[in-house]
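Dear colleague,

I am passing a structure on to you, and below it you will find what came out of going through it. Please read the notes with the structure open beside them.

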Amino acid sequence: MKRILSAILCVVMLLCLTVPAFATGDPNIDTGGGGLGNGSEGNIWYGDSGVRVTIVDAESHTPVSSSVDLIKPPEYVLAWNKSNIIHFGKVSKLEYNAGTGLSPTVGSYTYIVPSQTLPKIIATNSGTGSIAAIKSYFCDEQVLRGICSYTNFAYEDLISGDYKLVIEPLAAFLYRSAAFVMTATEAALYDQQVGGKLNALMGKLTHKNLPLALFLDTSDLGYPAWSGSTTQKVSNSDILSSLGIGIVRFSDDIDPYVPSEFDYEYRVDTDVITSVEVGGGQSDPDNPVSVQFTIEGRTYTVSEVYYPEGDSQLAWVKWHTPDEPCVITIGVSTSGGGWTQSTVVCNITDLDGNDPPNPIATDRNDGYSASTMPTNAEVTSTSWGIWSPWWHEYWEWVPKWEKCWHSSWVDTSYTDADGNRVSDGYWDDWYHWVDNGWWEDHGWWEFDYNSYTASLTATMSITPDDKSPTATANTTKSGYGIQQSVSARVRTDQSAATTAAQNAVTYFPEFGYETYWRLLDRTLTGRSSEFEFKTNRYSTYNRRTHFTPLWFPDGAYTPYTWLLDCWTPAGMLSMNMTDSVTIRGNLWEEWHIAPAKP
């Protein structure tokens with residue numbers, strides 16, 4: 001049926017896009033850029049370009065193939081720098097957005113020059129690529145078969161409708177005389193690492209023509225359609241969230257980007273960070289921008305929010321959420337110019353109060369089958385930055401030419417006919433020009449981008465309760481309790497802008513990882529935090545325990561924990577974790593019936 005659907009879709013797209021009759025797939029791609037300008041010494045793009053292609057699962061948004069870089073000849077930088085070109089491996093945009101960090105490698109860069117030459121992808125001074133040619137190319141059956149061959153993925157599976165092809169533009173160029181190859185997403189991440197210097201020296205390529213080479217017409221895979229400028233430089237945050245991506249789908253199913261009703265989801269009684277992006281014009285010490293956040297009647301002002309022309313800056317406020325669930329709308333305004341969103345809507349929820357019911361000896365679940373382990377959003381590292389302006393001095397002489405007058409007596413005395421000396425003369429006034437100018441500093445503001453990072457690591461341990469009389473290290477009988485510990489650590493180079501991991505919630509297999517859960521008790525606070533079960537009110541010994549159901553079958557018993565609420569200006573760090581104990585037998589085996597003593 002899916003195959004038939006693909007064929008129908010192909011026909012529809014043929015009508016819409018006027019692509020060749022052999023085409024297949026639905027290309028969700030648009031392009032922009034232009035006006036590349038000239039490079040500078042050591043910072044040159046010779047035109048090396050291509051794409052990174054990745055096949056992803058349409059439902060889970062996870063890659064199901066290795067990524068492959070396809071290059072369009074001619075290859076200048078790539079050919080000249082085979083042994084020392086700097087690249088970041090074959091990581092897709094989806095993986096970076098899921099938290100994969102940037103990892104540079106020198107040399108050993110691999111790529112493929114397809115037999116069907118790629119169309120022009122990145123705009124040059126001579127114009128942009130042809131969007132019709134790009135769409136046609138990536139809908140060509142032979143091209144798709146080639147991509148499947150490069151990635152060891154079955155073509156029939158690719159067009160089944162269960163998968164989508166993600167395409168990212170990439171460029172190879174010289175930056176500070178070193179050879180690099182990177183996608184638009186990697187350019188944004190690398191620019192954050194080098195403090196905005198990549199944008200400063202190569203911005204027309206890395207922050208305009210490369211990210212605007214491919215973007216979405218229609219939101220898909222959780223990425224929004226791009227509606228911003230297609231001819232101006234874009235910010236790192238715009239690149240990371242929306243640009244440098246095209247998608248080819250093979251069914252009529254799209255996974256649109258649906259803006260949340262809320263800008264943030266927070267938990268009650270939690271330290272959080274709310275940030276907004278500020279842009280528009282240039283903010284520097286001569287023309288500073290400040291941002292005001294109004295939260296429940298109190299105004300917090302963030303002063304000296306600086307950013308260069310064409311870029312933006314995150315401004316944030318750290319605050320503490322109320323003790324009760326509610327919706328809070330934060331008013332945001334700027335002064336001194338600049339723009340940002342006017343409100344931030346925060347949904348405050350409470351994860352507590354949904355503990356499992358008291359297990360009893362007669363509980364049964366004869367039809368139990370293991371459920372799929374859930375996964376929540378997981379981001380274990382992130383980065384952000386602060387623009388720091390500094391004055392670039394440029395002294396120029398301001399001339400002021402003035403006349404410098406001189407006066408001297410010209411003696412014209414003479415002796416008359418009687419021999420008398422007659423005094424005479426006159427004053428001769430003359431001048432020369434003198435430059436009484438001065439030096440003036442006609443400099444300008446330059447900006448450094450100071451990057452900051454935060455990362456979250458954690459471990460989870462499940463052990464049988466000490467009150468289980470026959471338990472060993474990780475084996476217990478069903479019906480007895482288990483105990484849990486979670487140790488989390490946050491590392492950052494800007495502690496004032498980062499919170500600890502503050503909440504952890506555990507779900508259990510007997511409830512299908514739904515219905516009931518336990519919000520863990522944070523027993524150690526700070527950058528290193530620890531969590532345990534709260535005291536179980538059904539425990540005779542007031543233990544921090546969770547009772548396994550008596551009916552649970554022998555085998556692995558695996559709770560799942562989501563560690564969350566580690567907040568940074570770039571969003572929340574969180575982590576999925578599991579651990580297991582082995583169930584072998586049940587507590588009834590500890591009991592026996594014997595005659596009472598006479």
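Trp397 is partly exposed, with a relative accessible area of 35%, where partly exposed lies between buried (under 20%) and exposed (over 50%), taken with a 1.4 Å probe and protein chains only. Trp397 sits in strand E17, strands being DSSP runs of at least two residues and helices (H or I) runs of at least four, numbered from the N terminus. Together with Trp395, Trp438 and Trp439, Trp397 forms a nonpolar surface patch of about 500 Å² accessible area, by the Shrake-Rupley method with a 1.4 Å probe and only the protein chains shown as cover. Such a patch takes residues with over 30% relative accessible area and no salt bridge, joining nonpolar side chains (Val, Leu, Ile, Met, Phe, Trp, Tyr) within 5 Å and like charges within 9 Å.

This is a predicted model, in which local features need pLDDT of at least 70 and side-chain atom pairs pLDDT 80 or more, while totals for chains, interfaces and linings use all residues. Residues are numbered from 1 along each chain as its sequence is written, and side-chain values use heavy atoms, without hydrogens and water.

There are 15 salt bridges, each a side-chain nitrogen of Lys or Arg within 4 Å of a carboxyl oxygen of Asp or Glu. One of them joins Asp220 and Lys164 at 2.8 Å, N to O, linking the loop between H8 and H9 to strand E6 (residues 163-175) across 56 residues. Asp220 is buried at 1% relative accessibility, and Lys164 is buried at 3%.

Best regards
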